[in-house]
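Please look at the sequence and the fold side by side, and keep both in view while reading.

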Amino acid sequence: MKLAPHLHRLGNDVVACYLVDTDEGITLIDAGLPGHWRDLRRELRSLGRSVDDIRGLVLTHGDSDHLGFAERLRSEHGVPVFVHAADAVRARTGQKPKVAVGPVRLGPALGFLGYSIRKNGLRTRHVGEVTEIGDGDVLDLPGSPVIVGMPGHSPGSVAVHVPLADAVFVGDALTTRHVLTGREGPQPAPLHRRPGPGTRLPRPDRPAAGVLGASRTRRPLAHLTGPGQRDGPRGWRRRVTEHCRPAAAWRLRRPLGVLRRGLPPTFAQPTNG
């Protein structure tokens with residue numbers, strides 16, 4: 001699904017991943033669920049591309065609903081997988097600390113589970129080898145993605161700013177529809193944990209530092225990609241702007257333009273788990 005020039009989405013408002021299409025090749029942001037592999041091949045064919053045009057996969061964090069087809073892409077096609085150093089073990093082994101689930105409503109939770117099962121989410125393979133990245137890195141990949149540390153949902157959660165697409169992908173730092181409760185409005189995605197003492201935040205003096213570290217980008221952002229975008233660009237923009245204004249929305253030199261779901265923002269928003 002084309003969202004904007006250079007920017008395409010696989011999946012839906014429950015779990016999604018993104019393609020940044022450039023003349024130099026394709027950069028993927030997250031890998032969704034294993035069943036998104038077919039969606040990836042279909043989207044590539046529509047672009048006149050193939051898997052051989054993918055130069056790298058950048059993970060916003062190491063949870064299983066972002067790993068999806070990552071190992072298949074790496075082991076069968078030699079595509080490097082990039083993840084923050086603090087989430088490298090999580091991506092390779094699945095090991096992570098237990099976090100309280102919080103409130104759950106049966107309907108939304110079953111919807112999330114059902115979609116995951118349909119997309120083979122119970123068969124996700126961990127990544128055999130990863131390339132570790134850190135806050136401030138500019139990757140040598142199509143679109144020159146910039147890494148912005150956003151610890152919270154996991155210690156190694158990052159946002160990925162791609163200036164060419166005028167978008168920031170924030171993984172699970174923010175959602176506008178909680179997949180386990182159905183609650184709408186800007187909020188942390190499920191299983192969000194507070195960073196521990198000494199964790200370096202992009203803007204530790206601001207209440208929404210985790211999300212708004214992306215405000216360090218030097219030019220206005222047009223596209224938010226994240227989970228839960230159901231009410232169209234205007235409603236999504238309004239709600240995210242209201243949520244962010246106390247922190248750093250004022251730093252943007254013009255109103256946020258077309259906001260797209262990247263799940264769970266231009267912040268490209270996260271998937272929800």
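Leaving aside neighbours within four places in sequence, L141 is in contact with T27, R55, G56, V58 and F82, where contact means heavy atoms within 4.5 Å. This is a predicted model, in which local features need pLDDT of at least 70 and side-chain atom pairs count only at pLDDT 80 or more, while totals for chains, interfaces and linings use all residues. Residues are numbered from 1 along each chain as its sequence is written, and side-chain values use heavy atoms, with hydrogens and water left out.

L141 is found in the loop between strand 7 and strand 8 (146-149); helices (H or I, at least four residues) and strands (E, at least two) are DSSP runs, numbered from the N terminus. With a relative accessible area of 8%, L141 is buried, a word that stands for under 20% relative accessible area, whereas exposed means over 50% and partly exposed lies in between (1.4 Å probe, protein chains only).

Seven strands form an open sheet in the order 1-2-3-4-5-6-7, with mixed pairing, and two strands pair if DSSP finds at least two bridges between them. Strand 1 (2-4) and strand 7 (131-133) stand at the edges with a single partner strand each, so one side of each is left without a neighbour in the sheet. Within the sheet, strand 4 and strand 5 pair in the parallel sense over four bridges, and L28 stands opposite L57 in strand 5. Helix 1 packs on the sheet, touching strand 1, strand 2 (7-11), strand 3 (16-22), strand 4 and strand 5.

E43 lies in helix 1 and is buried, with a relative accessible area of 12%. Not counting residues up to four places away in sequence, E43 touches M1, K2, H8, L10 and L19.

How many residues does the largest nonpolar core have? It has 24, and those with the most contacts inside it are L28, L40, I54, L57, F69 and L73; such a core is a set of buried Ala, Val, Leu, Ile, Met, Phe, Trp, Tyr and Cys residues joined through side-chain atoms within 4.5 Å. Helix 1 gives the most to this core, with three residues. In soluble globular proteins, nonpolar side chains tend to be buried together.

The structure also holds two aromatic pairs. Rings of Phe, Tyr and Trp (its six-membered ring) pair if their centres lie within 6.5 Å, and planes under 30 degrees apart count as stacked, over 60 as edge-to-face and the rest as tilted. The rings of Y18 and F169 have their centres 5.1 Å apart and their planes at 50°, so this pair is tilted. It links distant parts of the chain, with Y18 in strand 3 and F169 in strand 10 (residues 167-169), 151 residues apart. For W37 and F69, the ring centres are 5.8 Å apart and the planes at 65°, so the pair is edge-to-face. Because W37 lies in helix 1 and F69 in the loop between helix 2 and helix 3, the pair ties together parts that are 32 residues apart in sequence.

Definitions and conventions:
Axes fitted to C-alpha atoms, helices over the stretch in contact; angles between N-to-C directions.
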